[in-house]
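Here is a short tour of charged pairs and chain contacts, meant to be read with the model open beside you.

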Number of protein chains: 4
Amino acid sequence: MASETDIQVRVRYAECDPMNVAHHSAYPVWLEIARTELLRQGGVAYRSLEAAGVFFVVARLSISFQKPAYYDDVLRVHVRTTQVSRVKVEHAYEVWRGDQRIATAATTLGCVDRDGRVQPIPEGVVR
Amino acid sequence: MASETDIQVRVRYAECDPMNVAHHSAYPVWLEIARTELLRQGGVAYRSLEAAGVFFVVARLSISFQKPAYYDDVLRVHVRTTQVSRVKVEHAYEVWRGDQRIATAATTLGCVDRDGRVQPIPEGVVR
Amino acid sequence: MASETDIQVRVRYAECDPMNVAHHSAYPVWLEIARTELLRQGGVAYRSLEAAGVFFVVARLSISFQKPAYYDDVLRVHVRTTQVSRVKVEHAYEVWRGDQRIATAATTLGCVDRDGRVQPIPEGVVR
Amino acid sequence: MASETDIQVRVRYAECDPMNVAHHSAYPVWLEIARTELLRQGGVAYRSLEAAGVFFVVARLSISFQKPAYYDDVLRVHVRTTQVSRVKVEHAYEVWRGDQRIATAATTLGCVDRDGRVQPIPEGVVR
């Protein structure tokens, strides 16, 4: 199963703020796209997971911003699975513009059912 | 039943773009807050409507932007119900900063069930 | 100069709402991406326009929503320039999922300078 | 100078996702509103700071999500300044719904000029 991948994202005008850079609240959205693609490359569409009653909720998020991202920049977001337990999965991320790393991040996701109760990650989803 | 009301909204930094004004995609969000409050003043929380299987979807939206809205501006959004039919409701909006009208808008909402099928608007909801 | 083009956009999880569909405030953002790409295909990056003191502001926006867009849908947004005057440009849009048209839209943009004053659209930008 | 404060924020429909809860990317926006109000209570409008060439950029952000926030919830965001150095300021946050704490967070902001270069925090701004 794929344990790392890259996505490209072009910074949207609507994501930028008066400082002329991507607002920091745009980054969690890009990270989410990256880990969703990682899942997809492992053969699982998150959409079908939810349809099957398997949800992942963000339990922890941390981001370190080193350089600004500008409007229209094409960024590369690298994601890799760093740890998997029975009910949690951790990812680490790097955001790059060309050969310049502009941010690093980490998330912890918990697996829950439709009612928000913790449940084991189904076999084959992230392992 | 209340057929018009006003809300106040302060322009968020994250809603502003590199032109230093509120991005136009922020306005539909403010309009939605306004018509939700109108509903609430009529005694109905949209949250409880959804719980009861009654959903309103936006079928048409139009906005005319006359003046920019700046970061930290306190705006007043006036909403009034302009037309109600068996399955649709129309609203008209004005966005004001002080005594200056900066935008006007209109929406048409359709009433649907959990599966997106058109259904009659329940008695007492917008009439 | 290119007067129409298509872009693809995948519906992001963060763009979807409790009705399990893309929130209507996401559409203006997609339309903006489409007309920016149209500009780019005509040889102009909007980023460089702004650097040169040429800004386009949305004066009018209207959207008609026919079908919902679901999370993870790959949509095609078609944009074409419908009218150009000395200081304004109008675009028409269609949003498609496969062979199903899910929305139509129109915008009017005004050309302004850094201080928001109307100015003529520079030669070669949209004509 | 005020070193802690509370704001109230009502969860917007557009901030909620298909899991029927506020998307995690909404939280950084609320935190920003809270620390802006803290600044205001200290007598400083961030808007006027930017006009004077003083910008604060987020260098680090971490959030721990304990409970979901639902649509229409009225949340209380508590912010306090935890550390101030010559060019950085740190804040800690708690997000509450009634007497239930649903999230904690921390940010580090750096003070920069219009061109993104680090500059000392002006006297009287956060101290």
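Counted over all chains, the structure holds 48 salt bridges. Keep in mind that this is a predicted model.

| Salt bridge | N to O distance |
|---|---|
| Asp72(A) and Arg40(C) | 2.8 Å |
| Glu94(A) and Arg101(A) | 3.5 Å |
| Arg76(D) and Asp6(D) | 2.8 Å |

Let us begin with the salt bridge between Asp72(A) and Arg40(C). Asp72(A) sits in the loop between β2 and β3 of chain A, while Arg40(C) belongs to helix α1 (residues 27–41) of chain C, so this pair joins two chains. Buried or partly exposed: which describes Asp72(A)? With a relative accessibility of 7%, Asp72(A) is buried, because the cut-off for that class is under 20%. Arg40(C), at 25% relative accessibility, counts as partly exposed.

Within chain A, a salt bridge brings together the side chains of Glu94(A) and Arg101(A). Glu94(A) is partly exposed at 26% relative accessibility, and Arg101(A) is partly exposed as well, at 37%.

Over in chain D, the side chains of Arg76(D) and Asp6(D) form a salt bridge. This pair links distant parts of the chain: Arg76(D) is in strand β3 (residues 74–84) and Asp6(D) in strand β1 (residues 4–10), 70 residues apart. Arg76(D) has a relative accessible area of 32% and is partly exposed; Asp6(D), with 36%, is partly exposed too. Elsewhere, salt bridges that share partners tie Arg10(A), Asp72(A), Glu37(C) and Arg40(C) into one network.

Now have a look at Asp73(A), which is found in the loop between β2 (55–65) and β3 (74–84) of chain A. Asp73(A) counts as buried, with 6% relative accessibility. Which side chains make polar contacts with the side chain of Asp73(A)? One is Arg97(A), at 2.7 Å, and another is Arg47(C), at 3.0 Å. Leaving aside residues up to four places away in sequence, Asp73(A) touches Val9(A), Arg10(A), Val11(A), Arg97(A) and Arg47(C).

Next comes the interface of chain D and chain A. How much area do these two chains bury between them? The figure is about 1,800 Å², with 62% of it on carbon and sulfur atoms. Met19(D), His24(D) and Leu61(D) supply 31% of the area that chain D buries against chain A, more than any other three residues. The contact takes 23 residues from chain D and 23 residues from chain A. There are zero salt bridges between chain D and chain A, but six residue pairs are in polar contact across their interface, with both residues at pLDDT 80 or more.

On the chain D side, the elements that give two or more residues are α1 (27–41), α2 (46–51) and β2 (55–65). Of these, β2(D) gives the most, with 11 residues. Sorted by class, the side of chain D that touches chain A has 14 nonpolar, five polar and four charged residues.

Ser62(A) has Ser62(D) as its bridge partner in β2(D).

How values were computed: Residues numbered from 1 in each chain as written. Chains lettered and ligands numbered in written order. Heavy atoms only, no water. Helix = DSSP H or I, 4+ residues; strand = E, 2+ residues; numbered from the N terminus. Buried < 20%, exposed > 50% of the residue type's maximum accessible area, 1.4 Å probe, protein only. Polar contact = N/O pair within 3.5 Å; in protein donor to acceptor, adjacent residues only side chain to side chain. Contact = heavy atoms within 4.5 Å. Buried area = accessible area lost by both parts, 1.4 Å probe. Salt bridge = Lys/Arg side-chain N within 4 Å of Asp/Glu carboxyl O. Nonpolar A, V, L, I, M, F, W, Y, C, P; charged D, E, K, R; others polar. Pairing = 2+ DSSP bridges.
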